[in-house]
Amino acid sequence: MKNNNLPTIFCAFMLVSSLLIEANGQSYASKETETVVKKMIAAHGGYEAWKDLKTLSFSNIMHSESLPTLRFWTSSNTYDMKTRRSYQDWPIHQSYMSFDGKEAWSIDWRVGNSPKYQHSVFFYYVNLPWLTQDSNVKLGQAVKITHEAYDNPVYKVEMGFTEPPTEGKSVNDTYTLFIDSESYLLAGYEYTVSWGPLLDLMRIPKGEVFGPVRRKNNLFSTEENGLRFPVLMTTSNVETGELYGDHVLYNYVLDGDFDESRMIKPPNAIVDTVTDVRKN
């Protein structure tokens, strides 16, 4: 007997399937993109091991000739991986900041970037392979290319956002991932920044963004549970090759203590009230 309801049932099934894909997180431009990205995540230790992290801490040293006076930036960074709350200590600047999931505040802040922006900067540097799985991420077609910056052919994947991923980042921020075609490690990426206060600080004309800027991951560490984070990175101008900064990331601590007292705003703290809206 012919079932005239089959087209309706099929359409309903496809609708439910698409809703499940959306509910599960990011969107992929193709099955090939999904395969390449998941191989990258596996090469970095897998998603489940990363997702099970309670906390992540690390220290950072950046040297840049483009900084106006103090050409070394050093900081220690601690993140609650479930809530992505964080706090940072900047010993050379003698500055401190916290982000409690809603507000970012600082004490004696002498860093050029605002606390709202700075709280997530290094979080994205070290966790980018896994952050492709966030629910607000969209991933473009994976295209295999040769690139002058990398020894092996790489898969190029455009990464964007459907909504602002966190406080201090813009929905218009972008990443272009370059995934090694042999090891599937994240060899590097190019990124743009659209966060209004930073563009105002850099006097970038309205309607433009900062970047794209190239960051190359030169060396990775292997942690006890197999997760691989960058330990040496370089940042440069895409067009000219001018070196913007050398980065050393070290003293990774997984599942260490998170000092909840840093989530209590001290009386002398200054709350960062900037928004993504450009001033001019």
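Predicted model: local features only at pLDDT ≥ 70, side-chain atom pairs only at ≥ 80, totals over all residues.
Residues are numbered from 1 along each chain as its sequence is written, and side-chain values use heavy atoms, with hydrogens and water left out.**View 1. Leu177 and its surroundings.**

**View 1. The largest nonpolar core.** Here a core is a set of buried Ala, Val, Leu, Ile, Met, Phe, Trp, Tyr and Cys residues joined through side-chain atoms within 4.5 Å; buried means under 20% relative accessible area with a 1.4 Å probe, protein chains only. The largest core has 48 residues, and Tyr175, Leu177 and Ile179 have the most contacts inside it. Helix H4 brings the largest share of this core, 10 residues. A second, separate core has seven residues, including Met62, Trp90, Met97 and Val111.

**View 2. Helix H2, residues 31–43.** Helices (H or I, at least four residues) and strands (E, at least two) are DSSP runs, numbered from the N terminus. H2 has 13 residues. Tucked away as buried residues of H2 are Thr33, Glu34, Val36, Val37, Met40 and Ile41. After H2 comes Gly45, with a positive phi near 115°.

**View 3. The largest pocket.** A pocket is an open set of points on a 1 Å grid over the protein atoms alone, where a 1.4 Å probe fits, with protein on both sides within 12 Å along at least five of seven lines; lining residues have an atom within 4 Å of a point. This one holds about 750 Å³ of space, counted as the space filled by probe spheres set on the points. Its lining has 29 residues, and Ser66, Leu67, Trp73, Asn113 and Met202 are the closest to the centre. H4 (115–131), H5 (196–201), E12 (210–222) and E14 (243–254) each supply at least two lining residues, and H4 gives the most, with five.

**View 4. The second largest pocket.** About 350 Å³ of space lies here. Of its 18 lining residues, Met81, Lys82, Thr83, Arg84 and Asp134 are the closest to the centre. H3 (47–51) and H4 each supply at least two residues of this lining, and H4 again gives the most, with four.

Definitions and conventions: Expected span 1.5 Å × (residues − 1). Buried < 20%, exposed > 50% of the residue type's maximum accessible area, 1.4 Å probe, protein only.
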